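User: Please go through the terms used for this structure and say what each one rests on.

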Protein chains: 2
Amino acid sequence: MRVYEIGEQGLLKRLQSFCPVDIIGDDAALLSVSEGYSLVVTTDTLVDGVHFSDRTTSPADAGWRAAAANLSDLAAMGAEPLGLTIGLGLPGDVEVCWVEQFYQGITDCLQPFATPIVGGDICRSPIITVSITALGQVLPDQAIRRSHAQPGDAIVVTGVHGASRAGLELLLHPEQGQGLSVEDRATVIRAHQRPQPRLDAVFLLRKILEQAAGRVAGMDSSDGLADAVLQLCRASRVGAQLERNLIPLPSCLTAWVSEAQAIDWALYGGEDFELVLCLPRFIAQKLVEQLHEAVMVGTITADSVVVLKDSSGLHPDEILSLDKGFQHFGQIG
Amino acid sequence: MRVYEIGEQGLLKRLQSFCPVDIIGDDAALLSVSEGYSLVVTTDTLVDGVHFSDRTTSPADAGWRAAAANLSDLAAMGAEPLGLTIGLGLPGDVEVCWVEQFYQGITDCLQPFATPIVGGDICRSPIITVSITALGQVLPDQAIRRSHAQPGDAIVVTGVHGASRAGLELLLHPEQGQGLSVEDRATVIRAHQRPQPRLDAVFLLRKILEQAAGRVAGMDSSDGLADAVLQLCRASRVGAQLERNLIPLPSCLTAWVSEAQAIDWALYGGEDFELVLCLPRFIAQKLVEQLHEAVMVGTITADSVVVLKDSSGLHPDEILSLDKGFQHFGQIG
């Protein structure tokens, strides 16, 4: 069954089963923000063939990834999620089950965080486009900002980098990575298809900060680890040193690609949706003790550049720049 | 200059001049919701060639209309606006000035309401798509709901209907309406290109309700007057009688099209973005006294249908249905 066969009203009726009943039927949804909290808002737009593709992403995975990217933006602000709105542009000949599976993927990603879909819009479009706005809340003094890093801060990442890019490689070229175990393949593919927004790290960090007040800067690594560190440094007018050998990589990569390739994926691959945090060292220490996959990967400096160091002396120092990162329109020109 | 020449970062930098400085540079924006207020959220997705077209709509007008549609949804909930997010999908060869003029149109529409653009996302897309999420706030007991109409309520519209549809007709067929004055042409074309969200009516209604407590049901007439009354009746499980001769039409229409055509545009044309309110009669009376373009056009009944009556006896009673309204996918099939 295709979308044009049931029309907008028919499709809306089916999609309403994914929303709480009390928010349906008015021109807008009503939501509560807790007293004293600030509202946090973030928007992402995704386009078929650019951000997802049937070749690598099922409709349910596309939905999951879209929701995860937005929850990750909330996590990057230190916020807890309140709800999501979804704007869908659909060609009339899209299968209704594509849309339902897409919504199912979103719902599956939101479920552990008890976050509802609170609104949406469907319209006709020659190509599938998805625009998601996520709403969250945070106490103003607990908001994580990009501009709050200071020289001496430890740089902590909440998990491995390069896994999503490795998973994409296997999806595009299944003949690669023959030496990998079935579990290893599944792990990196899952990292690409079902990334986890690190709201758990935010909750933990908040608990740590209740006992030991401290400043936190940070963002997520959706555009790669290099981009995150560079953006943080630019916003805070500082520099950074990253230790090449400390950057956590998926363990299976060494058996498959060169170290240089693995580091490249970690720095520039993107879509790992981990948090990159700049913290006073004693807070960072507590975080890595309590979050076992978190690692201190470097230090904020009073310098103006981001340097990738190799303490083993195998590689020369490298100055990172945004030019190597993902530029959405640069690819066309 | 085209978008691909300056890239995503270059375009973002230019568009940031349309946003307040303090919201730029983090993964999400922070906003304050007043104590005791509920957050109101609404989303619209627009696609080039479906919702706007260079033939009838300049980029600035497309931006204005997109913003107005969202502010109108907030007005329909009785809310005051807090901010807007904009998700843009753009082909690389779009002119940068198209995007800037689009943003200028949005900003011009928002300006009287001191409402900022608080976030956005730009991505590559084969076709221009725009997804806007509007955020507002309302005291929970002042929210206007579709489901609150009761038999005996007066139905009030805040202004003329059919003007936007008439303006579209002149844009598509400039040879039409030769008998119209230059001012009349400009008025209906402006109604189409620069519709006014009726937040002014909300403010006035709130003042009236401070002095005389009363229940309000309502929505906006973005999909036509018939659709609005039918949706209100469905949500409230009531019926309605509309008086054909009371529906306010743009005065110039009688000199141009038949009465039947004018009524058809008013009922089904859509995009007038007026409010359609159901109110106890004494509140309705106060509203039409103080809002000079507002008119009582009918009554909510305990019936299950919406009847268009003609007290002059010229036309037989007509039962309105949603089938004649705009169905986004129905047009394809």
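**Terms and their grounds**

Analyst: Chain A is divided into domain 1 (3–141) and domain 2 (144–324), with bounds that come from an automatic or database domain assignment. This is a predicted model, in which local features need pLDDT of at least 70 and side-chain atom pairs count only at pLDDT 80 or more, while totals for chains, interfaces and linings use all residues. Residues are numbered from 1 along each chain as its sequence is written, and chains are lettered from A and ligands numbered from 1 in the order in which they are written.

User: How many residues of domain 1 of chain A are in contact with domain 2 of chain A, and what makes a contact?

Analyst: Two residues are in contact if their C-beta atoms, placed from the backbone, lie within 7 Å. By that criterion 15 residues of domain 1 of chain A touch 18 residues of domain 2 of chain A. On the domain 1 side of chain A, eight of the residues are nonpolar, four polar and three charged. Here Ala, Val, Leu, Ile, Met, Phe, Trp, Tyr, Cys and Pro count as nonpolar, Asp, Glu, Lys and Arg as charged, and the others, Gly among them, as polar. The centres of the two domains of chain A, taken over C-alpha atoms, are separated by 27 Å.

User: Why is α1(A) called roughly parallel to α3(A)?

Analyst: Helices (H or I, at least four residues) and strands (E, at least two) are DSSP runs, numbered from the N terminus. The axes of helix α1 (residues 3–15) of chain A and helix α3 (residues 96–110) of chain A cross at roughly 25° and come within 10 Å. Angles under 35 degrees count as roughly parallel, over 145 as roughly antiparallel, 65 to 115 as roughly perpendicular and the rest as oblique. The value of roughly 25° therefore makes α1(A) roughly parallel to α3(A). The axes are lines fitted to C-alpha atoms, for helices over the stretch in contact, and angles run from 0 to 180 degrees between N-to-C directions.

User: Which residues make the contact of α1(A) with α3(A)?

Analyst: A:V3, A:I6, A:L11, A:R14 and A:L15 of α1(A) meet A:V96, A:V99, A:E100 and A:Y103 of α3(A). By class this contact has seven nonpolar, no polar and two charged residues.

User: What is the handedness of the crossing of α2(A) and α3(A)?

Analyst: α2(A) passes α3(A) in a right-handed crossing. A crossing is left-handed if the near helix is turned anticlockwise from the far one by less than a right angle, and right-handed if clockwise.

User: Why are the two copies said to be related as by a two-fold rotation axis?

Analyst: Chain B can be laid on chain A by a turn of 180° and a shift of 0.0 Å along the axis, with an RMSD of 0.0 Å. The two copies are thus related as by a two-fold rotation axis. The superposition is by least squares on the C-alpha atoms of residues with pLDDT of at least 70 in both.

User: How do you know that the copies meet through the same surface?

Analyst: 100% of the interface residues of chain B are also interface residues in chain A, so the copies meet through the same surface. In the interface, 63 residues of chain B are in contact with 63 residues of chain A. On the chain B side, β2(B) gives the largest share, nine residues. The side of chain B that touches chain A has 27 nonpolar, 24 polar and 12 charged residues.
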